[in-house]
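Please keep the sequence and the 3D view at hand while reading the points below.

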Amino acid sequence: MKYALLELTHSSKIATYQSDLSPFLRHPACAWLGLRPVLAQHTAEEHALLERWAKGRSRIVEIGVAEGVSAIALRENMDANGTLYLIDPFHLSRFPLLNFTKRAAHRAVGRSRRGRVIWIEQFSFDAIRAWKEPIDLLLIDGDHSEKGVRADWEQWSPFVVPGGIVIFHDARLFDAGWTNPDYGPVKLVDALFRNPKTSDWKVVEEMHSMLVVERSR
Ligand SMILES: C[S@@+](CC[C@H](N)C(=O)[O-])C[C@H]1O[C@@H](n2cnc3c(N)ncnc32)[C@H](O)[C@@H]1O
């Protein structure tokens, strides 16, 4: 198994591969050492959505990489000559010098040789300062506070080209899901897209906690 995805069950709401692991195996060092697969923070259906929307796109940005499973979905399906920019400061490691989450992510994403990957080890609000490239697909899955996700939308979406898309994670309520109305991304997408006055963005797909919007051409 390359990676483990979240599983929804109607009895216990959500089952994770992680929840069956001993605390020792949960440590990201174990993913890096190959003792367990890298752990996703999204479901199989959300993974499939990422794979579908990444197909053929050449300029892809992900904000919030963690152990790299969503990045794998994007890399394995992007244009073979494209570039995937992965933005994460990896600041949550208890041992910053060793930073096994970062190491596990680099190893997992590096297993695919498709396209080119550029790692940007910064917060998205710092990375934006030097950003100049047009974007075909933007995945927002970093800071989940309402303020943080709004800042990502306001700062990064202007770079998305007509026909390009933005995918929000943890942005919908759904059956047996983990989100609630207080989630920052839920509040933001409701405000931006559920009752739009005028917008050049339209909702093109919704799956579990993910919502996809497309910029009009
Ligand atoms: C929910 S996890 C990402 C999960 C991953 N996309 C997946 O589906 O497997 C959130 C990640 O965002 C990162 N993060 C938090 N704030 C950020 C920011 N402002 N910019 C970039 N990354 C951020 C954290 O370090 C963490 O690794």
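Phe159 is located in the loop that runs between α7 (146-156) and β8 (160-168). The model described here is predicted. With a relative accessible area of 25%, Phe159 is partly exposed, because that class lies between under 20% for buried and over 50% for exposed. The points that follow turn to other single residues, then to the ligand and its surroundings.

**Positions and separations**

- From C-alpha to C-alpha, Phe159 and Arg57 are 15 Å apart in space, while 102 residues separate them in sequence.
- Phe123 is placed in the loop between β6 (116-120) and α6 (124-127).
- The relative accessible area of Phe123 is 32%, so this residue counts as partly exposed.
- Phe123 and Gly142 are 19 residues apart in sequence, and their C-alpha atoms are 8.6 Å apart in space.
- Gly163 belongs to strand β8.
- Is Gly163 buried or exposed? Gly163 is buried, because its relative accessible area is 7% and buried means under 20%.
- Between Gly163 and Pro28 there are 37 Å in space, C-alpha to C-alpha, and the two are 135 residues apart in sequence.

**Backbone angles**

- Most residues other than glycine have a negative phi.
- Ala66, which is not a glycine, has a positive phi of about 50°.
- The loop between β4 and α4 (69-75) holds Ala66.
- Ala66 counts as partly exposed, because its relative accessibility is 25%.
- Phe90 also is a residue other than glycine with a positive phi, here near 50°.
- Phe90 is found in the loop between β5 (83-87) and α5 (100-110).
- A relative accessible area of 7% makes Phe90 buried.

**Contacts with the ligand**

- Which residues come nearest to the ligand? Of the 20 residues around the ligand, these are His42, Ser70, Asp88, Ser124 and Asp141.
- His42 has a polar side-chain atom 2.7 Å from an oxygen atom of the ligand.
- In the side chain of Asp88, an N or O atom is 2.7 Å from an oxygen atom of the ligand.
- Ala66, described above for its positive phi, has a backbone N or O atom 3.3 Å from an oxygen atom of the ligand.
- The protein buries 91% of the 610 Å² that the ligand exposes when taken alone.

**The surroundings of the ligand**

- The ligand takes up the space of the largest pocket.
- Two elements give two or more residues to the shell around the ligand, namely β3 (38-43) and β4 (59-63).
- β3 contributes the most to this shell, with three residues.

Notes
Residues numbered from 1 in each chain as written. Predicted model: local features only at pLDDT ≥ 70, side-chain atom pairs only at ≥ 80, totals over all residues. Heavy atoms only, no water. Near = heavy atom within 4 Å. Polar contact = N/O pair within 3.5 Å; in protein donor to acceptor, adjacent residues only side chain to side chain. Areas by Shrake-Rupley, 256 points an atom, 1.4 Å probe, with all protein chains shown as cover. 1 Å grid on protein atoms, 1.4 Å probe; cavity = no way out; pocket = protein on both sides within 12 Å on 5 of 7 lines; lining within 4 Å. Sits in = over half its atoms within 2 Å of the grid points. Helix = DSSP H or I, 4+ residues; strand = E, 2+ residues; numbered from the N terminus. Buried < 20%, exposed > 50% of the residue type's maximum accessible area, 1.4 Å probe, protein only.
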